[in-house]
Amino acid sequence: MKSIKLLVMMALIVTGCVAPGMQPAAIAQDQAAERPNIIFILNDDQRFDAMGFIDETLDTPNMDRIAREGVHFPNAFVTTALCSPSRASILTGQYMHNHGIADNNIQFREGTRFFSQDLQEAGYETAFIGKWHMGGHGDDPQPGFDHWISFRGQGNYLPENGNGVRHMLNINGERVEQQGYITDELNQFALDWLAEQDGEEPFFLYLSHKAVHADFIPAERHENQYSREDITVPASMANTPENNEGKPMWVINQRNGWHGVDFPYHSTLDIVDYRLRYNQTLSAVDDGIGAIIAQLEEQGLMENTIIVMMGDNGFMFGEHGLIDKRNAYEESMRVPFIAFGAGMPAGRTDETLIANIDIASTFLDLAGTQPSAPVDGMSFANQLMGLPYDGEWREGLNYEYFWEYNYPHTPTTLAIRGDRYKYIQYHGVWDTEELYDLQEDPNEMNNLIASPEHQEVLEELRRALFANLGSEDGRAYVTFTRRNGEGAVLRNRNGSEAAEFPDRWLRDGTETDLRDNLRTEGGNINDPNHE
């Protein structure tokens with residue numbers, strides 16, 4: 001980080017809503033003249049490191065090829081690590097607090113604009129194939145897509161349920177039975193649509209996989225791929241005083257719950273086996289990427305087609321005693337991002353801090369147009385294509401997650417992630433904040449929130465975070481939905497015990513002790529504004 005004050009200034013400039021026509025930069029005009037075809041492959045729950053060129057235990061030759069012959073962005077993030085909010089941020093270019101999709105059930109506000117609509121107006125043929133999963137569990141065709149194939153909710157890996165009933169797909173408004181393994185079927189639908197493209201008009205394909213969402217079911221051909229010996233659990237998974245030092249109570253308590261390693265999904269699930277099946281399930285996605293590349297080459301379309309692959313959020317496999325996502329730790333909010341094609345320079349790693357809110361602006365920039373509705377993101381089309389970026393890029397990125405009654409163990413989380421520091425605070429719970437120096441502590445083990453040397457950094461980040469939550473009167477709002485039950489609240493009697501408050505908060509309770517400790521996290525207790 002160049003400086004904390006610069007982080008604050010830049011965050012205010014570039015992470016607030018950008019009006020149409022105010023994009024920071026556009027790709028060179030000669031590049032924009034021949035508008036490229038764009039294939040966007042979005043994988044569900046794929047970790048940033050779940051690719052063979054990063055994790056040598058994985059066999060992903062086609063992902064590796066994209067990175068080798070194109071570009072890898074290792075600093076790619078989502079601004080909410082949850083399916084629907086993240087996907088909404090991709091389509092709108094907005095943070096969750098602006099697009100309003102705070103969980104997997106809320107529907108889009110009437111009049112919400114998707115970047116695919118702008119691509120249509122720019123003359124692109126557009127197709128959506130796969131998991132939509134926004135606004136409840138519908139699968140109806142959505143604005144901005146000429147061709148539509150989807151399914152309800154999360155979809156199903158296998159075509160039949162346990163009673164022999166076929167799951168259904170929605171193909172351009174018509175209900176059709178699912179025929180096979182969903183990853184292969186979606187890949188084939190993509191190949192079929194691409195075969196119809198003759199290169200006369202530019203096209204945009206949004207291939208949105210169910211994989212690798214839990215419960216992981218690999219294709220039959222991959223059922224024996226890998227072994228348990230390939231899996232190493234993270235060191236932070238151990239329930240030790242050293243690992244728990246400085247961690248919020250909710251993190252320690254979640255260990256024994258739905259999203260924790262002591263009682264995962266309220267079952268006896270084995271974390272090693274769980275990761276093994278995840279790795280196996282990912283392989284069909286890689287197979288599909290290879291088939292798509294081969295077909296584009298056969299049709300002579302690869303020279304003007306950009307393939308982009310990204311994850312909708314990360315996934316935890318035991319880090320800090322947690323599984324799944326939602327939190328602001330790196331394994332949850334960091335995602336894979338690779339791209340190649342259309343003459344893109346090969347073999348590059350670009351350290352630019354990018355996010356799902358940037359996809360809309362970037363793809364429209366590549367298409368030679370701009371968003372017609374306000375966006376929070378920026379275009380990194382120049383960085384993508386290996387061109388100089390003429391402007392100042394963001395120094396910090398906000399993260400937000402709103403508490404869900406279904407999963408009450410993860411609190412409302414607000415964070416800001418810079419190139420060096422990450423600051424996390426929690427809303428509505430009596431718990432500690434977190435501050436990490438990612439340069440010195442990439443695994444987020446040493447919470448610096450009480451470090452005297454980091455108090456100036458902390459205060460600057462607190463201000464920057466709140467400033468970016470964006471409301472004209474200086475207030476921010478948290479969305480919540482109506483309860484339908486208690487949620488996943490169970491705990492294992494034989495699991496880990498509940499956490500204790502941080503030692504630095506504890507006092508003896510004597511008059512002398514209290515008089516000597518008037519200062520609190522909220523200020524002086526004698527301050528007239530202190531309640």
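Residues are numbered from 1 along each chain as its sequence is written, and side-chain values use heavy atoms, with hydrogens and water left out. In this predicted model, local features need pLDDT of at least 70 and side-chain atom pairs count only at pLDDT 80 or more, whereas totals for chains, interfaces and linings use all residues.

The protein chain contains 15 helices and 20 strands; these are DSSP runs numbered from the N terminus, helices being H or I with at least four residues and strands E with at least two. Of its 531 residues, 59% count as buried, where buried means under 20% relative accessible area, exposed over 50%, and partly exposed in between (1.4 Å probe, protein chains only). Among the contacts in the chain with a separation of 6 or more, 69% are accounted for by residues 24 or more positions apart; a contact means heavy atoms within 4.5 Å. The accessible surface of the chain comes to about 22300 Å², and 47% of that area belongs to carbon and sulfur atoms. Accessible areas come from the Shrake-Rupley method with a 1.4 Å probe, and for residues only the protein chains shown count as cover.

Leaving out residues up to four places away in sequence, Phe337 touches several residues, including Val71, Phe73, Met309, Ile354, Phe380 and Leu384.

Side chains of opposite charge can pair when their charged atoms come close. A salt bridge is here a side-chain nitrogen of Lys or Arg within 4 Å of a carboxyl oxygen of Asp or Glu, and the count by this rule comes to 29. In one of them, Asp45 pairs with Lys325, with the closest N and O atoms 2.9 Å apart. Asp45 lies in the loop between β1 and α3 and Lys325 in the loop between β11 (323-324) and α11 (330-333), so the pair ties together parts that are 280 residues apart in sequence. Both Asp45 and Lys325 are buried.

Another salt bridge joins the side chains of Arg87 and Asp312 (3.2 Å, N to O). This pair links distant parts of the chain, 225 residues apart: Arg87 belongs to helix α4 (residues 83-92), and Asp312 to the loop between β9 (305-311) and β10 (316-317). Arg87 counts as buried at 1% relative accessibility, and Asp312 counts as buried at 0%.

Arg47 is found in the loop between β1 (37-43) and α3 (61-69) and is buried, with a relative accessible area of 4%. Its side chain is joined to that of Asp49 by a polar contact of 2.9 Å; a polar contact is a pair of N or O atoms within 3.5 Å, of which, within protein, one must be able to donate a hydrogen and the other to accept it, and residues adjacent in sequence count only if both atoms are side-chain atoms. Beyond residues up to four places away in sequence, Arg47 touches residues including Arg275, Tyr278, Phe315, Glu319 and Glu331. The C-alpha atoms of Arg47 and Glu330 are separated by 9.5 Å, although the two residues are 283 residues apart along the chain.

Glu330 in turn forms a salt bridge with Arg334, the closest N and O atoms being 3.4 Å apart. Glu330 is buried at 4% relative accessibility, and Arg334 is buried with a relative accessible area of 16%. Both residues belong to a network of salt bridges that also links Arg417, Lys422 and Glu444.
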